[in-house]
Amino acid sequence: MNSLEIFKAFKDENFVRLEQKLGQYNKNILETSPKYFKDNMEYFTALNSGGKMLRAILVNMGYYICGGKDVEYSDELALSIEIFQSSILVHDDLLDHAETRRGKDTVHVRLLEDFKIENEEILKHNPDVVKDLTNGVSVALGYVGLYMAYERLLEAYGDNPNLIKILREYNDMVIKTVEGGIMDVVVPFQERYKNELPFEESDTVDAFELIEQLALLKTAYYTTMGPIALGMMLRGADAKDVLDVEEIMKDAGLAFQIQDDLLGVYADEKVLGKDVGSDVSEFKQTFLYTYIKVNKPEVLPELNKYYGKDKVSLEDLEKVRAIFKETGAYDFTVQKMNFHYNRAKENVEKLSFADQEAKDLIMGFILYLESRKK
């Protein structure tokens, strides 16, 4: 088998077991939730299912490549990451005003329907009353999920000698991801309404570096770097080995986010499972947009006719796509993505601790990300 096939076999084998465990966990949560909270938790558990569980698989893989043949021991850590991701997605979808996730209505959209008020007199005096309630419940659900993830981790590994290291890495991953989430809303706001970068300009920071830092914080730490590092730490891996793998996964994570930005404009919405064009309506700052800003500022007024629109039509999206293609922004972004994917692949062969199977698994994961269409 080649590297991609080896990774897919590992993924498929572990996915079945993880999916069963997560399904049982979701069932238990609903059975033990207070009656007044059960309906809300049902929305969280619905979000907490139906995913690819790549982050969980990476935890299993990190444990395995360090000699952990008893892979199932790492499952509770893997599932903790999945529960954490669901918590982040609840908040992320709320901040982004996203309406679909994994082909389903987002949590806050479902809550809006539950709490909808038809009384016009109430709405006249309190027009935001339902929205305020929905936002509050969504934020609370995200918090509950985050602490459920911690609880699962602590219950499973209280006697593991590496627990303190794991918790420090885990917390660092959470903090950086939250920082990325803040940047993801602040940077578009500053660009759209204040026409400035959200930091003091200097010779050492430019617009492209800002976008790369944003991608690193909001995606790479919790999608690629954190999960595999945590799995390695659970097994007691050498700190240098963890850092070497994290560096590879940093490039893979950056490429993954750049690819996500491309798919967010160019993908088929039915394939993607979430709103295509939402990056445009939310004024998201990506390499695509930043290329225009830096290299083709004369085109920016035309692009900004569509960026920030409440409802971006397919016709609008086609015009945005054409601008990116005609100006070279699309090609630049693809080259940037390929650079990070290629550097990640090159560094896999340099891993001194890893045997050939471990290298094949890491390489296969990178190839798997690179080949995705959604």
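Helices (H or I, at least four residues) and strands (E, at least two) are DSSP runs, numbered from the N terminus. In these terms, the secondary structure of the protein chain comes to 17 helices and two strands. The model is a predicted one, in which local features need pLDDT of at least 70 and side-chain atom pairs count only at pLDDT 80 or more, while totals for chains, interfaces and linings use all residues. Residues are numbered from 1 along each chain as its sequence is written, and side-chain values use heavy atoms, with hydrogens and water left out.

**The chain as a whole**

- Of the 374 residues in the protein chain, 53% are buried, where buried means under 20% relative accessible area, exposed means over 50%, and partly exposed lies in between (1.4 Å probe, protein chains only).
- Contact means heavy atoms within 4.5 Å. Among contacts in the protein chain with a separation of 6 or more, 74% are between residues 24 or more positions apart.

**The nonpolar core**

- A nonpolar core is a set of buried Ala, Val, Leu, Ile, Met, Phe, Trp, Tyr and Cys residues joined through side-chain atoms within 4.5 Å. The largest such core has 108 residues, and those with the most contacts inside it are Met61, Phe84, Tyr170, Met249, Leu303, Phe324 and Ile362.
- Helix H9 gives the most to this core, with 17 residues.
- In soluble globular proteins, nonpolar side chains tend to be buried together.
- Leu303 is in contact with Tyr289, Ile292, Val320, Ile323 and Phe324, when residues up to four places away in sequence are not counted.

**Helices H3 and H9**

- Helix H3 (residues 54-65) packs against helix H9 (residues 207-235) at an angle of about 35 degrees, and their axes are 7 Å apart. Axes are lines fitted to C-alpha atoms, for helices over the stretch in contact, and angles run from 0 to 180 degrees between N-to-C directions.
- H3 passes H9 in a right-handed crossing. A crossing is right-handed if the near helix is turned clockwise from the far one by less than a right angle, and left-handed if anticlockwise.
- On the H3 side, the residues that meet H9 are Arg55, Leu58, Val59, Met61, Gly62, Tyr63 and Ile65. On the H9 side, they are Tyr222, Thr223, Thr224, Pro227, Ile228, Gly231, Met232, Leu234 and Arg235.
- The residues of this contact divide into 10 nonpolar, four polar and two charged. Here Ala, Val, Leu, Ile, Met, Phe, Trp, Tyr, Cys and Pro count as nonpolar, Asp, Glu, Lys and Arg as charged, and the others, Gly among them, as polar.
- Leu58 lies in helix H3 and is buried, with a relative accessible area of 0%. Leu58 and Pro227 are 169 residues apart in sequence, yet 5.6 Å apart in space, C-alpha to C-alpha.
- Not counting residues up to four places away in sequence, Leu58 touches Thr223, Thr224, Pro227, Ile228, Met249 and Phe365.

**Aromatic pairs**

- Rings of Phe, Tyr and Trp (its six-membered ring) pair if their centres lie within 6.5 Å; planes under 30 degrees apart count as stacked, over 60 as edge-to-face and the rest as tilted. The structure holds 18 aromatic pairs.
- Phe10 and Tyr64 form a tilted pair, 5.5 Å centre to centre, with 50 degrees between the planes. This pair links distant parts of the chain, 54 residues apart: Phe10 is in helix H1 (residues 3-32) and Tyr64 is in helix H3. Both Phe10 and Tyr64 are buried.
- Phe208 and Phe332 form another tilted pair, 5.2 Å centre to centre, with 45 degrees between the planes. Phe208 in helix H9 and Phe332 in helix H16 (residues 329-348) are 124 residues apart. Phe332 is partly exposed, with a relative accessible area of 24%.
- Phe84, Tyr147, Tyr150, Tyr170 and Tyr222 form one aromatic cluster.

**Loop residues**

- Met53 is found in the loop between helix H2 (35-47) and H3. Phi of Met53 is near 60 degrees, a positive value in a residue other than glycine, and Met53 counts as buried at 4% relative accessibility.
- Phe283 is found in the loop between helix H12 (278-281) and helix H13 (287-295). Phi of Phe283 is also positive, near 60 degrees, and Phe283 is buried, with a relative accessible area of 4%.
- Ser74, in the loop between H3 and helix H4 (75-96), counts as buried at 0% relative accessibility. The C-alpha atoms of Ser74 and Leu234 are separated by 7.4 Å.
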